Amino acid sequence: FFQAEDGIRDDLVTGVQTCALPIYVASIRLTGVSKHFGEVKAVDDVSLDIADREFMILLGPSGCGKSTLLRTIAGLEDPTAGEVFIGDRLVNDVLPKDRDVAMVFQSYALYPHKTVRANIEFPLKVRGVDKAERATAAIAAAETLGLTPYLDRRPGALSGGQRQRVALARAIVRRPAVFCMDEPLSNLDAKLRAETRAEIVALHRRLDATFVYVTHDQVEAMTMGTRVAVMRDGVLEQVGTPREVYDRPASVFVAQFIGTPPMNIFPAGSLESGPHVVGARPEHTTIDPVDGLSATVTMVEHLGHEVQVVCAIGDEHRVIVRNAPSGGAPRVGDSVRLSVSATNRHRFDATSGARLDQ
Ligand code: ATP
């Protein structure tokens with residue numbers, strides 16, 4: 001990549017292929033990849049295989065190392081240890097521009113004084129593609145992303161969602177084999193986020209390229225990815241399909257990061273005897289008229305499609321129950337009994353948080 005004169009960073013400039021679809025697609029293999037910044041282990045011994053044409057989500061809280069891992073794949077960071085392969089090629093020493101990777105950032109990184117058309121064409125221009133071919137490719141990319149009416153506008157005259165689409169068009173115009181996206185939707189409002197989310201999923205299907213997508217938003221992870229890699233403190237906690245990470249979280253951390261509201265964790269010895277903690281999704285935790293663990297209702301939230309009943313076990317341990325709106329909800333201060341059927345219980349080590357029935 002390069003730095004523009006005005007200080008706005010363009011995304012990666014990569015090889016140009018002018019066929020309708022990428023000539024090849026690329027798998028990605030990371031083996032023992034670490035990236036340390038002094039004492040900070042931003043990424044620590046990560047091994048991950050991303051298949052050809054997969055939509056892999058890197059998910060985790062702020063500071064878990066997901067952007068650093070993405071940037072290492074794109075070549076914007078040199079790993080401290082480990083190997084990065086794209087296809088069969090070891091790319092540790094390959095420059096970003098030669099990796100056939102396009103990067104899309106949250107910040108759009110568009111040139112404000114260039115038109116949409118010129119912004120989209122720009123990566124082709126710097127590769128020396130002739131004018132007519134550039135124009136055709138830019139029109140096709142704009143058409144794909146619904147930008148045809150805006151080709152002669154400047155970015156300042158576009159909405160946030162349209163600007164992000166220009167950034168996407170500029171990435172696809174080069175037909176790279178791998179797209180690396182770093183929180184591309186985080187500047188958009190909720191409605192536009194949902195729309196653009198669907199557009200990116202459709203784009204992935206259409207382009208048949210490998211997507212690696214960083215987010216801290218678990219809704220994006222659950223709805224967009226073919227698989228999700230959940231990171232914490234530089235390490236991978238779990239890799240699986242959205243369904244797998246939701247249904248069989250590998251740790252208390254994953255159980256509570258995925259799902260809104262998060263999984264309830266019952267203290268050791270409360271729901272079951274033994275040294276382990278028990279987890280249950282709020283939709284699997286029920287208020288039992290007859291039997292169960294004693295709790296006190298601390299809050300009742302009517303959300304329209306459901307009612308969330310927040311309970312305290314003892315003085316402070318919070319547990320949430322999701323009820324149908326039609327069921328009679330208890331009131332704040334009521335004493336209730338909570339139960340979870342045996343098939344809906346998840347057991348975790350009380351100290352490490354690791355799932356016990358791996
Ligand atoms: P966010 O969602 O907030 O962007 P992230 O999960 O993408 O977070 P990274 O940006 O990868 O996290 O950062 C991981 C850790 O590495 C953080 O503790 C961060 O402060 C540190 N870090 C990242 N880049 C550098 C750098 N250039 N120099 C020093 N430390 C860095």
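In what order do the strands of the open sheet of 5 strands stand?

1. The order is S13-S17-S14-S15-S16, and the pairing is antiparallel. Keep in mind that this is a predicted model.

2. Look at the edges of that sheet. Strand S13 (286-287) and strand S16 (317-323) stand there, each with a single partner strand, so one side of each has no neighbour in the sheet.

3. Now take one pair inside the order. Strand S14 (residues 293-302) and strand S15 (residues 307-313) pair in the antiparallel sense, over 6 bridges. Thr296 stands opposite Ala312 in S15. As background, strands of a sheet pair through backbone hydrogen bonds, either parallel or antiparallel.

4. Turn to helix H4, residues 160-172. The helix has 13 residues. From its first C-alpha to its last it reaches 19 Å, close to the 18 Å expected at 1.5 Å a residue.

5. Is H4 mostly covered or mostly uncovered? Mostly covered: 11 of its 13 residues are buried. Among them are Gly161, Val166, Leu168 and Ile172. The buried residues also include Gln162, Gln164, Arg165 and Arg170.

6. What covers the buried residues of H4? The cover includes strands S6 and S7 (178-182). It also includes helices H2, H3 (131-144) and H5 (190-207).

7. Finish with Leu110. This residue lies in the loop between strand S6 (101-105) and helix H2 (116-126). Leu110 counts as buried because its relative accessible area is 9%, and buried means under 20%. The C-alpha atoms of Leu110 and Arg163 are separated by 7.8 Å, though the two residues are 53 residues apart along the chain.

How values were computed
Residues numbered from 1 in each chain as written. Predicted model: local features only at pLDDT ≥ 70, side-chain atom pairs only at ≥ 80, totals over all residues. Heavy atoms only, no water. Helix = DSSP H or I, 4+ residues; strand = E, 2+ residues; numbered from the N terminus. Buried < 20%, exposed > 50% of the residue type's maximum accessible area, 1.4 Å probe, protein only. Expected span 1.5 Å × (residues − 1). Contact = heavy atoms within 4.5 Å. Pairing = 2+ DSSP bridges.
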